[in-house]
Amino acid sequence: MRTDRTPHASTTGTTTATAVATNATVRNIGILAHVDAGKTTLTERVLYATGATYKRGEVHDGTTVTDFDPQERDRGITIFAAAVSCTWDGHRINLIDTPGHVDFSDEVERSLRVLDGAVAVFDAVAGVEPQSESVWRQADRHQVPRIAFVNKMDRVGADLDAAVASLRERLHVVPLVVQLPIGREDGFTGVVDLVRMRALTWTGGPGPRPVEVGAVPEDLREEARQRRRLLEERVAELHPAALEEYCATAALTPATLARALRELTHAGEGVVVLCGSAYRDRAVEPLLDAVLAYLPSPADVPPVRGTLDGEPQERAADPSAPFAALAFKVNATATGRLTCLRVYSGTMRKGDTVLDTTAGRTERIGRILRVQADRHAEVDRAVAGDIVAVVGLKATRAGATLCAPDAPLLLEPPAVAVPVVSVAGEARTAGDTGRLSAALGRLVEEDPSLTVRTDRETGQTLLSGLGELHLEVAVEKLRRAHGLLVEVGRPRVAYRETVARGVSGLVYRHVKQDGGAGQFAHVVIDVEPLDEEARGDGGAGLVFRSAVVGGRVPQEYVRAVEAGCRDALAEGPLGGHPVTGLRVTLTDGATHPKDSSEMAFRAAGRFALREALRAAVMELLEPVAEVAVTVPDEAVGGVLGDIAARRGRVSGSLARAGTTTVTAAVPLAELFGYASRLRGRSQGRGTFTSRPTGYAPVPAAVRERVLSA
């Protein structure tokens, strides 16, 4: 039993001052959750418990390590993924605190690409919330093993069983609950460890307290035995070796149970569930033990896969293998560019020359830094499994592969979300126009989910992002970091156009004769809409096929026609918006023995589809977001009326502990300014989250207003 708090100590009783830097003793994990589930507070408590910090930071005070950006402290939310490093029980834990707001989901995506495991944090009152479901699905795509931490067990209405049920129902996982809370709500004092059948308690008020290890309380022994038996049965159903032991002895030893839980977590067949209160420093140490016990090390994950000259290649997490790393984040600091890397194989040393395979150029490693949010400690080298920052790279972008020049490899970059909202911006003074262009370029370099382009018709500079808050943060960063005052206009929505009723047998003959060899191409096309499911997502684009028989159009010209049709999708006939969701069939054509060429047929395809779209019945599509609005029960009526006024369609509601969460599909164009409206209707107590879900047709009355704007 421990009677005092010791940095770097585990509740198993083992103590160490430094972690041994080997693959097996490294954990690269992320903290994933919905907004306000307690991710950043949990990160602070982890740093404090491990001795990485000696003063607890608080979100409401703006003193946290990972929310170091001034905007994060002002807004009280995590905006940028921040990496920190700490040691626990002889292991080094590289931890990334990720944002919980959907507008910054690209930060989560890039983090998940380089992580080996994650801790998903859930509110003990709310359970699975909309954004916690979104980040869970992101982790599913990357096949990142996870454990769950049900936080805020000290809140009124906290219910572990209800939270676990929401995991089962909404995430479709098999929860494996390894703890039983001791006390309810404000009386929560600790947990029963169901694997080792012992009690871990923290007495006293909020703040660091020594953990006391003892026997299970008398009033909880029967329930603990029942829950232990249920855990054994569920594990035996999923794990063959555990089933064999269970059938032979009608029980599982702690060692067998722990080993089975680890293997089920790695395979994604079960999710270990723990509980606690990060704010009150209760049950943080057992969570750290679980990270080491159940989440994989770099040595446990499969070799990273890449390509070399189009051929698949693998690199094991071996420090002696050829060097390969992925850049996943770029920061511009007062001292220069800081590039965050995940080293997958080999060893990187200060002064090394590496190949940026993505750009096809070499870079020199200036300094290698161990990252602690906005603070850094220089190290001489980084080995396979490390997450570090590098100074000295001049042009490497997020998503680039760095490798040994004599052993090139190209790793798959993180997927970049497509921007859906835009603002028109210009410098307040003419003299700042050049500086604004450079600053926008730096913003895009740091955040690939932002895009900057110039509208060809209006000449305006358009900044596009994933949501209104995303753009607000970007514009504010221009002011704070670059000293630029920017005038912005109302965000513009990324509309799409599609075919509602197509045309058949459209004939287009492209003939051009300017002296010498001419251009000739004759095509006949059918244009029709895709089915509702395919075009509803706004991203199906073009499905092209050829029905030409008898070789009347050679295959190389067919490909040129398809390329021309894709060129024509850039601007539709209604309002110049991109066209999506249509099928084009090349039914006939003709060639000239001298004047036909791929260029001529590409031009014919482009002009033919443009003419067909003008002849077809077109439909305007707008992006739609799924919105989850949480308000006190007395404010529900006003919220429902406001959603209806914004052309929203309510899909469900859930009442819990005096609040109601309303879920609805609302056009993105109607969500601008919604945050302030919601605060007014709910006396500042309402919150909402939104995530893009696809595209939907614009009603006729709204369409006329959009097209005339």
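Which ring does the charged end of Arg606 sit over? Phe607 provides that ring, with its centre 5.0 Å away; a charge counts as over a ring if NZ of Lys or CZ of Arg is within 6 Å of the ring centre and within 35 degrees of the ring normal. These views come from a predicted model, where local features need pLDDT of at least 70, side-chain atom pairs count only at pLDDT 80 or more, and totals for chains, interfaces and linings use all residues. Residues are numbered from 1 along each chain as its sequence is written, and side-chain values use heavy atoms, leaving out hydrogens and water.

**View A. Phe122 and Trp136 form a tilted aromatic pair.** Their centres are 6.2 Å apart, with 50 degrees between the planes (rings of Phe, Tyr and Trp, its six-membered ring, pair if centres lie within 6.5 Å; under 30 degrees is stacked, over 60 edge-to-face, the rest tilted). Both Phe122 and Trp136 are buried, that is, under 20% relative accessible area with a 1.4 Å probe, protein chains only. Arg146 lies over the face of Trp136, 4.4 Å from the ring centre.

**View B. Tyr557 and Phe601 are stacked.** Tyr557 and Phe601 are both buried.

**View C. The largest nonpolar core has 50 residues.** Such a core joins buried Ala, Val, Leu, Ile, Met, Phe, Trp, Tyr and Cys residues through side-chain atoms within 4.5 Å. Among those with the most contacts inside it are Leu42, Ile93 and Val119.
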